[in-house]
Amino acid sequence: MAKQAPSHAPGDSPEPSHGEDIAGQIVLVLQGGGALGAYQAGVYEALHEAHVEPGWVIGTSIGAINGAIIAGNPREQRIDRLKQFWEQVAYRGSATSGWLPVFDEWLRNLSIMTRGIPAFFAPSPAAMFGIHPAGIMEPAAIYSTVPLRETLLSLIDFSYLNSKETRLTVGAVSVGSGRMRYFTNRDAPLDVDHVMASAAFPPGFPSVRLEGESWWDGGIYSNTPLEAVLDDHPRSDSVIFAVQLWPAHGREPKSVWQAMSRQRDIQYSSRSESHLERQKQIHRLRHVIRELEQYIPADQRDTPEVRELLGWGCGTTMQVIELDAPRLAGDDLHKDIDFSTSGIQRRWAAGYENTVRMLEKAPWREAPDPMEGIAVYRSDPEAGPDTH
């Protein structure tokens, strides 16, 4: 991605020492969001340069794709593979040579929706018969994702992925039962179908069959897989870099177009704040149970019944570092299909720069309240300074 790489100078890279003082496992959580996922690539580049390598990557949709490229390659190849992916899915071309941006954007979106992206998706022959006819082609979808399958197979070493050097988890939802499931290479080998299933966003993309069931993009159920990390068993002390592509907070819309865009932001931010508040309550209860153990007489503490109850307690701490993608000039309802070279470059650079700022603050060095269990550090991508 030589022409799309972020514009930081060689001397601007973060010091390669940040990862050394992080206690516990490092987790990278990646939302779904189509073209917005270029921001995630920039986040990972900054982490990589700072030697902050995740031991666990978990994602849905484009987050699953970026995550599989990261976990499915040796560390020294990951940035190049990410650049190759984003180069291949970039839309090139301008009808007005840039002098009429609104017209260019309209034509770009029209071209992507009608012609697809060669390395990503292409119109399905069945789509020519309209959206109602059944039985022409299974599964039902507007586009074919055969190009994506070929792209992923060329960029991801699944033998390396399943060596479990880095844990990968991808989220998908069952078409039939509506249940969410997280597939992880910790429990069973993953292949390209698991990544494809996590990125099978309907009705555009076809479902993928796994274990006799059809699966869709997990983002339609929960676009922020942070909850799977906080509910993991056995639990471990963790520093979690949660990359948010859709802003939960925003201005009141002044037009129907803005209202439609804001509705999508709210929908795909997936209530991450409320999930965190719930998890804080649960973690506090776990810590309370752990503290209660010292008040139980020793002769009762070791009985099977009491040991089982005390097993619900734990002393782990989770430090969640949120890296929120900024709103860029021109963002609208279709920002997630802005695969333009300039759009990819701007989002990649924003992810890199925001992460560098957060790494400089190194919030994980602050000792969290042991009774709370979860500490959250939020960035303000609009203003620069971070708050928690």
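Predicted model: local features only at pLDDT ≥ 70, side-chain atom pairs only at ≥ 80, totals over all residues.

Biologist: Okay, which residues does UniProt list for "active site"?

Modeller: The UniProt record, an unreviewed entry, lists Ser-61 and Asp-217 under "active site", in the numbering used here and with feature names shortened, and such annotations may be inferred rather than shown by experiment. The two are spread over 157 residues of sequence, yet they cluster in space, with a largest C-alpha distance of 5.8 Å. Both Ser-61 and Asp-217 belong to the lining of the largest pocket.

Biologist: And what joins the side chains of Asp-217 and Ser-61?

Modeller: A polar contact of 2.6 Å joins them; the term stands for a pair of N or O atoms within 3.5 Å, where within protein one must be able to donate a hydrogen and the other to accept it, and residues adjacent in sequence count only if both atoms are side-chain atoms.

Biologist: Where is Ser-61 found, and is Ser-61 buried or exposed?

Modeller: Ser-61 is found in the loop between S2 and helix H2 (62-71), where helices (H or I, at least four residues) and strands (E, at least two) are DSSP runs numbered from the N terminus. Ser-61 counts as buried because its relative accessibility is 12%, buried being under 20% relative accessible area, exposed over 50% and partly exposed in between (1.4 Å probe, protein chains only). Leaving aside neighbours within four places in sequence, Ser-61 is in contact with Gly-32, Ser-198, Ala-199 and Asp-217, contact meaning heavy atoms within 4.5 Å.

Biologist: What about Asp-217, where is its place?

Modeller: Asp-217 sits in strand S8 and is buried, at a relative accessible area of 1%. With neighbours within four places in sequence again left out, the contacts of Asp-217 include Ser-61, Val-173, Ser-198 and Phe-201.

Biologist: Since H2 came up, why is H2 largely enclosed by the rest of the structure?

Modeller: Because 10 of the 10 residues of H2 are buried; among them are Ile-62, Asn-66 and Ile-70.

Biologist: Back to the largest pocket: how much space lies in it?

Modeller: About 700 Å³ of space lies in the largest pocket. Of the 29 residues that line it, the closest to its centre are Phe-201, Phe-205, Arg-264, Asp-336 and Ile-337, and helix H4 (101-115) and helix H9 (256-269) each supply at least two residues of the lining. On a 1 Å grid over the protein atoms alone, a pocket is an open set of points with protein on both sides within 12 Å along at least five of seven lines, a cavity is a set of points where a 1.4 Å probe fits but cannot get out, and lining residues have an atom within 4 Å of a point. Grid points are joined across faces, edges and corners, and a volume is the space filled by probe spheres set on the points.

Biologist: What is the lining of the largest pocket by class?

Modeller: The lining has 18 nonpolar, eight polar and three charged residues, with Ala, Val, Leu, Ile, Met, Phe, Trp, Tyr, Cys and Pro taken as nonpolar, Asp, Glu, Lys and Arg as charged, and the others, Gly among them, as polar.

Biologist: How many cavities of 30 Å³ or more does a search of the whole structure find?

Modeller: It finds two, and the largest cavity holds about 60 Å³ of space. Its lining has five nonpolar, no polar and four charged residues, including Leu-36, Arg-327, Asp-331, Lys-335 and Arg-347.

Definitions and conventions:
Residues numbered from 1 in each chain as written. Heavy atoms only, no water.
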